Amino acid sequence: MHYTTTTTSLLLFVLSVCAAPAPPMHSWSKRVLHTARTRPGKGFEILPFAEQVKDNEPLTMAIRLTQGNPAGLDSALADVSDPNSPNYGKWLSREQIAAFTKPSSETLAAVTKWLGTHNVTAQASELPEYLTFTVTFGQANTLLEAKYSAFLHAPTKVKIIGTESYTLPEAMEPHIRTIYPGTTLLHPGALPISGVRAFQSQAKADNSDLIHVLVARANATLELTPDQIFALWDAVKQRQQVNRRMALPQEKSTNYIPDWDVRSLNATNATVPVQARRRDMALPVVKRQEDPSEVLRKVNETLGGTLPGDTRIVQVPQNGDLTGLGLDPSLEEIIRGIMNGQGGTAAPVPVPTQAPPSSSEPVSTVTSTTTVTPSEPSSESETETSTSTPDAPSTESAPPTTTDPATPTESSTTIPGNPTSVPIPKPTQGKTDNSCNNEITPKCLQQLYNLPDGKDGTGAVGIAVTGYIDQFGQTDDLKQFLQQFRKDVDANTGFKTVSIAGGENPQGNDVAGVEANLDLQYTIGVSPGVPVQFVTVGKSGTGNGFLDTITSMIAAETVPEVVTTSYGQGEVDIDKDTAEAMCDAYKQLTARGVSILFASGDSGVGDAEGDCSTDGIFQPTFPSGCAFVTSVGSTDGIPERAASFSSGGFSALYPAPTYQQAHIKKYLDAHPGLNTGKFNPQGRAFPDVSVQGTKFSVIHAGKPTLVQGTSASSPVFASMIALINAERGKTNRPPMGFLNPWLYGIASAAFVDVTQGSNPNCGTEGFPAAAGWDPVTGLGTPDFKALRAAAGLQ
């Protein structure tokens, strides 16, 4: 299906153009620079002349006009999203939002007349602040004093159109916000996945010793065999082609390791995990005929002469006995820490406690040291979670710390402005099966976060799961997942496909997308009674898949109540006008009562491309810095601690919203001088909340595997909100809509504080988790029983 829209009201704006005078034509001769790219587009290269666009070829463009009353929309949204307001939950209609966003008659007249002088006729778009028109490339270059060219995104072979800069008549500056295509090279095919990546390794055929790649001290010797050198060169070459956050099916692995995080490669023909700060991917050994010394020289040259010397390859017996390996005591201590899941910045998968299967048993999914078959646990033994330090041996439950300015210290509170005042119990985490230390399944999440079975979706409109970069959700994989992990749910439970900008969703193992499968399996796996839409976004839109998605939803007659997205960009890669347009679109959609959730990203305080490595400045992700989305980070382990890859920090584009300022102040006051000069302390901070994000069991292309990333966390929290919406819908109460004012207010009492861990990058340890809100775990992890009470549910 497609989102349905109507354009009757939009056409009225075009018909009313003549109602207001336009600026005199002589005022259009003075030009001003409207926007210019400040850095090359990541992964993009300009095509050679022979493949370039021609002046007489057509180009479809769009103009975003200045809105008539944006302050009015801000005020209305603030009112209906404030739980203390009598208007809480009275979300706006599409028509009410259009009344705020439609341009003035003066703006429409001015822009239309200016375009007319260039023989350009504009048409109304689905949203009132947009006009579209088609010109030739030659006309576009004259109109905007631009040089539109074709660029190639090398990893995906996608060609898009852009320009380094463009100008406008000075008289148009008050009326035009931005033009597409423009200076931002942001195509759906270039959007990196925020975090999911697969963990998979294989033992030797005889199932004897496993080979483990372990990070050692910085002054250790780098020992590489010729085969390892060849595989390293393959990985480095991929650096020029694949964004490090791109997750592909295991058999299509990009084998990319960031240049500053190369640690080592497998030493045998067995595929083993590479333990790197930001990446854990399997590198196959490749047989070659080249001179290893020459290949090593090319590797070192490509890495700027900084081939890392901080790795040793250690063969560890399955029983974990390190005696007799000739390790110095300090290195042995580090390796033991890694094997126990305490490896500092390396953040390896914790060592499973269950025994590996015999050689006759199928190896389905593996962690870093033993195989794990993702199935229902054979033992009913349980581990009770704790809020103590993860290294502590105790497994007894402890009350959370609740010292945040907006979090009450008493055991319960009540909710003003709701039909019923419901006490909020003090948040706790539940008991989990021992198997949850090795892999996370829907059952683990139910146990840990006190979730119901989720089968009753009465009253729910549904969740939308977005998909980009040819990530296709597979019905067969979903069925197998439900058969294995939700045996109490009909295995034929499916999802509805929604197409935007020509998006498709073909089926088959050869086109299966691990990200799409993860998102669908864990929305449906956690809330199987709630209808799920898979929104597949193609490449025939504006060149900005995020914007195509959100504007299509705004213009639709009906909208999902929750949208979860596991993709993102660095703020630095988006020009200010485009970022403004996208954040404003999220504001409009959430004003309709839609909760918009994004994975925070998987690069700690940095950018996945390592841009902070030269100047040390932290690189926030987008759109987590937009105040109208809810950013979801990741935790790791039970008891929970911050996942070291989880992105968090402060936006360089957007100021801190009112609802968050007290929390930010408390954190920064408690950490004076922390990372001074590396971030914007006045910026919108993220993430807002966190959920488990490592060792998620998924079915991909018919096979079980483990994945991790904040893109695992966002769908889980989205499912919790969908379950709350379903329960509220039974009594005709509105959906939760814009979450953040509620989260940072009343609902902050419903989160278990996470105070251990940090999100290192940029040569720093990043931001440490702390009591209350922090820029690595947000408010903490939810207790669903407390969260639903905070939503006014008995």
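I begin with S758, which, leaving aside neighbours within four places in sequence, is in contact (heavy atoms within 4.5 Å) with A642, A643, S644, E765, F767, P768 and V776. The model is predicted, so local features need pLDDT of at least 70 and side-chain atom pairs count only at pLDDT 80 or more, while totals for chains, interfaces and linings use all residues. Residues are numbered from 1 along each chain as its sequence is written, and side-chain values use heavy atoms, with hydrogens and water left out.

S758 sits in the loop between β31 (751–752) and β32 (781–782); helices (H or I, at least four residues) and strands (E, at least two) are DSSP runs numbered from the N terminus. Is S758 buried or exposed? Its relative accessibility is 16%, so S758 counts as buried, the term meaning under 20% relative accessible area, with exposed over 50% and partly exposed in between (1.4 Å probe, protein chains only). A polar atom of the S758 side chain lies 3.1 Å from the backbone oxygen of E765.

Turning to the chain as a whole, 61% of its 794 residues count as buried. It contains 18 helices and 32 strands.

Of the 20 residues of α16, 19 are buried. Not counting residues up to four places away in sequence, F717 touches L597, V632, V689, V691, L739, L743, F751, P782 and L787.

Finally, I come to the disulfides, each a pair of cysteine sulfur atoms within 2.5 Å; the count is two. In the pair C436 and C444, the sulfur atoms are 2.1 Å apart. The torsion about their S-S bond is about -95°, so this disulfide is left-handed. C436 is buried, at 2% relative accessible area, and C444 is buried at 3%.

C583 and C626 form a disulfide with sulfur atoms 2.1 Å apart. Here the torsion about the S-S bond is about 85°, and the disulfide is therefore right-handed. This pair links distant parts of the chain, 43 residues apart: C583 is in helix α13 (residues 576–591), and C626 is in the loop between β23 (621–622) and β24 (630–636).

How values were computed: A polar contact is a pair of N or O atoms within 3.5 Å; within protein, one must be able to donate a hydrogen and the other to accept it, and residues adjacent in sequence count only if both atoms are side-chain atoms.
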